[in-house]
Amino acid sequence: MLRILVTDLDGTLLGGGAEDRLRLKAALARHPEVAVVFATGRGLPSVRTLLRDPLLPHPRWIIADVGASVIDGTDFSPVEPLQAQLRAGWPGPDRVREALRRFPALTYQHDVAQHGRCSYHLAPDDLTPEITDTVQALGCAWVYSADRFFDVLPPGASKGSALGALAAKLDWAPDSILVAGDSLNDLSLFRTGAHGVVVANAEPALRAAVSGDPLVHRPPRPGAAGILAALQALEWVPPGAGRPRRRHALVVGYHRPPVHWTDQGWQPPASPNGILPTLNSAFADGLSGVWVAADVAGGADVSDGERRPTGTHRPGPPLSRLPLNTSEWQGYFHRACKQTLWPVLMSEPHRSVADQESWTHYRTVNTRFADHIAARAAPGATVWLHDYNLWLVPGLLRAARPDLRIGLFHHTPFPPPEIFATLAASAELRASLACLDWAGFHTDTFAEHFRRTLADRTGHPRLGVHPLGIDRPAIEALARVRVPFRRPAPGRLVLSVERLDYAKAPVHKVDAIDRLLRRRPDLHRQLTFRLVCPPPERGITAYDTTRRLLEQRITEVNGRWQNRDWQPVDYIPRTLSATEVVDEYLAADVFWVTSLQDGMNLTAKEFIAAQAAVTTPHTGHPGTLVLSRHTGAAAALGNAALLTDPRSPEDLSSVLARALALTPAERRARLDRLSRLLGHERPVDWAKQIIHAIQESARTWSTRH
């Protein structure tokens, strides 16, 4: 159930000590169902400056200018037509100031940004009927608070009327709202029928005005501590919520956790390779820190802020989960990440679909990640972010916690600057990425694209190129205990193992098989293309067109060439276990990687490790790797693989034909070279090198900015 905390700032949310504010923010972070609304006399520029304070929760909405402004806290845009309605009848600041010029006791607040209102300093003895009558003659309202602030407002504007209009627009019930204040300019909030809390440091006039109201809490604690006490009294947060958390010297931020929850408990990824098992291994190898990840739709023990998962093959890292509901996850990941950003990363900008609602979800989730990380990072901590899913976090963290050392590794490609610029939010993203201390990539090309994208920014981050490897001993050990397995497939087996994604070019491959069979009748019944291609996460629609076209083309090609005991395309649309995948590697004559763009492609490296582990001069034909020129792996493995261009239909089929024609000696020579180039660096060493690079880069931040 959504609940709403509506709080004044000065004297209320900002009241009390720093530890009280930290406890309140921590309690709210653990209970995202409590949305925060600022209701303040400050203007928006002043509020935005305050949001640099790492002890403040980020508001979902902002009622500013004593109720004359209503603002969306995700993008700081006015909430219309609500704001225009609140300002109806406002004669404008010039008329107000001219009418009040004859009262020397009124001192206009020139240093305060004001919109839709005029604010003055005024001593209590100087508040006269002449002044208030003049305001009423203008058709305006006024409010006097803290024995010094005199605000002239549009006739229908107040904090309470703004809250009432926002609640009506968003269908909030009064009993789902808690208002908090400390002065008379908050009084209108307490007249809305909502729950209330008057903090202990409130002015006596407010206390007197709400005396006897059974909905108003009066805890004996000031500021943020009083708000937290009221939240606990209402049972919106449990007793003890907001206790100080342990702070960590290393915080890893990734949109997914290193393990997933099943009926059997926490389970590791199926593959031993990739960023999730790599980081899991690093923590198991002695790395000390916490992993911050999204927890979608209330996974197990969401309220438990940090927990070391059990039930895995090796100990997992302390995991701090950020709860997201299904709607937030779909807007953020399914749409903003997969439909807006992913096509641009793949240099396919024509596929990018942008909409304001999903981008608002992206901003919101990134803001919550930044808040979550800031609350868990020790002074001077190292923050290691991963991938484009968190591109806005660096800027938010840098503003809130300038002491942190912030790095981000891109596991995906990074597009050329002219393609990055096609994003509607490119300027916003560039501003955030420029706040990094360090940015890492798999290849020099991707690093250069990033450098050029930020070329006009001063003090841009240091860059590092660190290709990710695989846990080679794990793959080799698994391969050696497996009897080379060959599924029923006449002749030669061409294998691809990839998730369903247009960037992997699955349809291009089926077309190439069709083309090859047309040209080479001798390959009929002698060639099988096995495509292991599990679908994406349920709810992602970005690949629906690719799946429909792929299945259509498989049906057409098999229908054209198959006979009673053979069909050319063996389609496996499900996830295989690590053992099953290694069996497929060992059975393959050709491993076929055709990505249009790819940050690295670890399956190519796994194939090499598995084949090299069991290949001797006395074994059968070793497999051949056909690798897209557009993968990060191609930069490391070079011409030891057969390189292909998936954007060229002719090249795709001709290079595959060449791979099938290699002699056993040529296959073995290429595999030997690939094995040497693959190397034996452990992924855990890769992780430690990057953490060191982030820490080294950050030491010069203060002198560069």
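# Confidence, salt bridges, a helix and a sheet

Q: What is the mean pLDDT of the protein?
A: This is a predicted model, where local features need pLDDT of at least 70, side-chain atom pairs count only at pLDDT 80 or more, and totals for chains, interfaces and linings use all residues. Residues are numbered from 1 along each chain as its sequence is written, while side-chain values use heavy atoms, with hydrogens and water left out. Here 92% of the residues reach 70 or more, and the mean pLDDT is 89.

Q: How many salt bridges does the count come to?
A: Side chains of opposite charge can pair when their charged atoms come close. The rule for a salt bridge is a side-chain nitrogen of Lys or Arg within 4 Å of a carboxyl oxygen of Asp or Glu. By this rule you get a total of 39.

Q: How many residues apart in sequence are the parts that Arg-42 and Asp-10 tie together?
A: The side chains of Arg-42 and Asp-10 meet in a salt bridge, 2.8 Å from N to O. Arg-42 sits in the loop between strand E2 (34-39) and helix H3 (44-50), and Asp-10 is in helix H1 (residues 9-13), so the parts they tie together are separated in sequence by 32 residues. (Helices, H or I with at least four residues, and strands, E with at least two, are DSSP runs numbered from the N terminus.)

Q: Is Arg-363 buried or exposed?
A: Arg-363 forms a salt bridge with Glu-428, at 2.8 Å from N to O. That pair links helix H13 (residues 356-376) to helix H16 (residues 426-433), so it ties together parts 65 residues apart in sequence. Buried means under 20% relative accessible area, exposed over 50%, and partly exposed in between (1.4 Å probe, protein chains only). At 29%, Glu-428 is partly exposed, whereas Arg-363, at 15%, is buried.

Q: What arc do the buried residues of H16 cover around the axis?
A: Ser-426, Leu-429, Arg-430, Ser-432 and Leu-433 are buried in H16. The arc is that of the directions from the helix axis to the C-beta atoms. These residues lie on the same side of H16, because their arc is only 160°.

Q: Which are the edge strands of the open sheet?
A: Six strands make up an open sheet with parallel pairing, in the order E24-E23-E22-E25-E26-E27. Strands pair if DSSP finds at least two bridges between them. Pairing on one side only, the edge strands are E24 (569-572) and E27 (642-644).

Q: What angle does the direction of helix H20 make with that of E24?
A: Helix H20 (residues 544-561) packs on the sheet, where it touches strand E23 (527-532) and E24. Axes are lines fitted to C-alpha atoms, for helices over the stretch in contact, and angles run from 0 to 180 degrees between N-to-C directions. The directions of H20 and E24 make an angle of about 150°.

Q: Which residue in E26 stands opposite Phe-591?
A: Strand E25 (residues 590-593) and strand E26 (residues 624-628) pair in the parallel sense over four bridges. Across from Phe-591, E26 has Leu-625.

Note on methods
pLDDT is the predictor's confidence in each residue, from 0 to 100. Contact means heavy atoms within 4.5 Å.
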